[in-house]
Amino acid sequence: MSEGTIVEQARPLELQAAPGRRGRRLPFSPWHLVLFPTMLIMLVPLLWMLVTSVQTLNETRHFPPVFVPSRVHLENYTQVLRMAPFSRWFLNTLIVTTASVAGNLLFCSLAGYAFARIKFFGREVVFLLVLATLMIPFQVVMIPTFLIVKRLGMIDTLGALIVPNLAGAFGVFLLRQFFRTLPIELEEAARIDGASRIGILFKIVLPLSAPALATLAVVTFMWTWNDFLWPLITIYNEHNMTLQLGLTTFQGAHQTNTNLLMAANVMSMLPVLLLFFAAQRYFIRGIATSGLKG
Amino acid sequence: MAEVRFENVRKVFPGETVAVDEFTLTIQDGEFMILVGPSGCGKTTALRLVAGLEKPTSGEIAIDGRVINDLTPRDRDIAMVFQNYALYPHMTVYRNLAFGLKQRKVPKDQIDRRVSEASTMLGLDDLLKRRPAQLSGGQRQRVAMGRALVREPKAFLLDEPLSNLDAKLRVQMRAELKQLHHRLGITTIYVTHDQVEAMTLGDRIAVMSAGRLQQVGAPQDVYDHPVNMFVAAFIGSPAMNLLRGTARDGRITAGDLTVPVAGVPDGEVVLGLRPEGLRPSSDGQPSLEFEVQVVEPLGDEVIVHGTVSGQLAEIETGEEKAEIPAGLPGSRAVITARFDPQVRPAPGTRMALGVVPERVHVFDARTGTAIR
């Protein structure tokens, strides 16, 4: 109370001395002065994509660019769906992504738990080796992986996109770190209660690891959905393409139908955007805990 | 129900830490056995060895005559209550209680029956749908007990189960635990560093120090006849006063106190005087002069700290000692006495403290073992 009155009295004096400098606060954090322009820069391409996707081809080629279309041409979308096996690509991408996410959750949990809790000979060394693979760029292992997949007879099938991505060092690392933070007594109690190792993992550890599992799922989803390079070198048949690969077929050698390409882009990005908004905090946590991918 | 037997058990942790050594102890069928000792004495490790959470380096552990060294915790049919309860946070109370039975593929109707029996016994009926986070400390403690109860195991292992409760609740739960054991008669091994719990709960107590068993016996026996200075100093609160002394011709002299004690060979000894054995002197009794420093009235009794001439025998029990702020000359020793509430001397007074020769403990000064 007394403090409040002192502040009330002090205020007019301060305003007289240095108007607007202290005592008055901005209605927003100063950071917003930086963040707002940055946000605009990031958003403009997205908005432009959205605008272009409902323009006519002529409008897209106009200079200076037309930002407000004369009419909303939603038929661009239907045309995309008609002229390309778009729904097939969407389905392929969905299959590949879902399988990768499921595979990562399952196998990284198993490996992460083993590294976190089971004592076995050479555990630390093996774990370090797994970690070390994170430092090897994909381009380096691309060709060996290709050869293995070829031996498996999976080139130009969805299997080529799924099998190499069923588990990853990132997921193993992320989950191991998280599992180690869980109180060991819970697992000991479960052991005494008669649960097996696998039982403990599935009934005690995983239900308590929802945040880490969500993070891994979101990161894997984004990574797989947006992956372009690996599908490019393993898939040839239009029927087996993923969205990212299929979209390139809209870019012809001589002519690109920008409006159609953008309509297709919007459709392919929509699931990722929605997921990002829904699971933003897990996504950021994934980057924060690992400093990897994203 | 079962008998649990340790046979010369030794447990060494990586880094050569010997947690338990030469540990031999048999816990009778239906017995309430307390493992008590200062922290780091190996009592929890001993318990975990029975649970199967640790493997003994050597020696045997047997339940009902069957060696269980190589059995998994699951196959040992024991239940454990952890210090922090270790309730499964993502499960309701009901599922926490039922988990162990489900793992053992007990039919659903039996699970329901046993869970409801246990929850009624522990007063958890209204809480079955809650999660651990929505429970108070005492309720969590009960759920942890209930999880052990429903299993109807051969033995209960309790690892300091009351130490996370506030003082009032602890007293209440202590009584409930004792009652529960009376009713069920399940073999129980209870680890604690709290000697009040040790004295009140146990059929027998096993005092441990530095990984070794010091003494096993009924609480009162251990209190009355400690086998060595460690047990003497550890059991009892306030702790037994231990004064250096010399035995000669059937008498022991410590400071200005001379007590006649038969059957003590001549030499250096340590005299053990329980605080309640010290009384304002009546004539003719052996006595020591006592200078009162701190008086703590507790209502039903008065704890008095003060100095006498003589030297304390130091023994590390891990218990905190009452600190006497005043600086002491080397020839004085701080001791503690326990008086009736009517006797309340003022700090600074000098008085004679009488000693009953029959209640004096005598220890060998070199080995610490009890002479009488």
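## A walk through chains A and B

Let us start with one residue: B:Leu35 touches B:Lys43, B:Ala46, B:Leu47, B:Ile189, B:Val191, B:Ala206 and B:Met208, leaving aside residues up to four places away in sequence. Keep in mind as you look around that this is a predicted model.

**The nonpolar cores**

B:Leu35 belongs to the largest nonpolar core, which has 139 residues. Together with B:Leu157 and B:Ile189, B:Leu35 is among the residues with the most contacts inside that core. Which helix gives the most to this core? That is helix α12 of chain A (residues 210–226), with eight residues. Apart from this core lies another one of 18 residues, including A:Trp89, A:Trp230, A:Met241 and A:Leu245.

Helix α12(A) deserves a look of its own. With 17 residues, α12(A) reaches 24 Å from its first C-alpha to its last, close to the 24 Å expected at 1.5 Å a residue.

**Where chain A meets chain B**

The contact between the chains draws 14 residues from chain A and 17 residues from chain B. On the side of chain A that touches chain B, the elements giving two or more residues are α10 (184–192) and α11 (197–205) of chain A. The largest share of that side, six residues, comes from α10(A). What is the make-up of that side by class? The side of chain A that touches chain B has eight nonpolar, two polar and four charged residues.

**Chain B as a whole**

Now for chain B overall. Its secondary structure comes to nine helices and 20 strands, and its C-alpha trace spans about 75 × 45 × 35 Å along the principal axes. Of the 372 residues in chain B, 43% are buried. Among contacts in chain B between residues at least 6 apart in sequence, 68% join residues at least 24 apart.

**Strands of chain B**

Five strands of chain B form an open sheet, in the order β13-β12-β11-β14-β20, with antiparallel pairing. Its edge strands, each pairing on one side only, are β13 (257–260) and β20 (361–364) of chain B. From one strand to the next, the twist averages 35°.

| Strand pair | Bridges | Bridge partners or facing residues |
|---|---|---|
| β16(B) and β17(B) | six bridges | B:Glu296 and B:Ile303 |
| β17(B) and β18(B) | eight bridges | B:Val302 and B:Phe339 |

Strand β17(B), residues 302–309, runs antiparallel to β16(B), residues 287–297. Strand β17(B) also pairs in the antiparallel sense with β18(B), residues 332–339.

How many residues lie between the strands in the hairpin of β16(B) and β17(B)? There are four, and in this hairpin B:Gly299 takes a positive phi near 95°. Within strand β17(B), B:Ile303 is the bridge partner of B:Glu296, while B:Val302 has B:Phe339 of β18(B) as its bridge partner.

Note on methods. Residues are numbered from 1 along each chain as its sequence is written. Chains are lettered from A and ligands numbered from 1 in the order in which they are written. This is a predicted model: local features need pLDDT of at least 70, side-chain atom pairs count only at pLDDT 80 or more; totals for chains, interfaces and linings use all residues. Two strands pair if DSSP finds at least two bridges between them. Axes are lines fitted to C-alpha atoms, for helices over the stretch in contact, and angles run from 0 to 180 degrees between N-to-C directions. Two residues are in contact if their C-beta atoms, placed from the backbone, lie within 7 Å. Ala, Val, Leu, Ile, Met, Phe, Trp, Tyr, Cys and Pro count as nonpolar, Asp, Glu, Lys and Arg as charged, and the others, Gly among them, as polar. A nonpolar core is a set of buried Ala, Val, Leu, Ile, Met, Phe, Trp, Tyr and Cys residues joined through C-beta atoms within 7 Å. A residue is buried if 20 or more other C-beta atoms lie within 10 Å of its own, exposed if 12 or fewer, and partly exposed in between; C-beta atoms are placed from the backbone. The expected span of a helix is 1.5 Å times one less than its number of residues.
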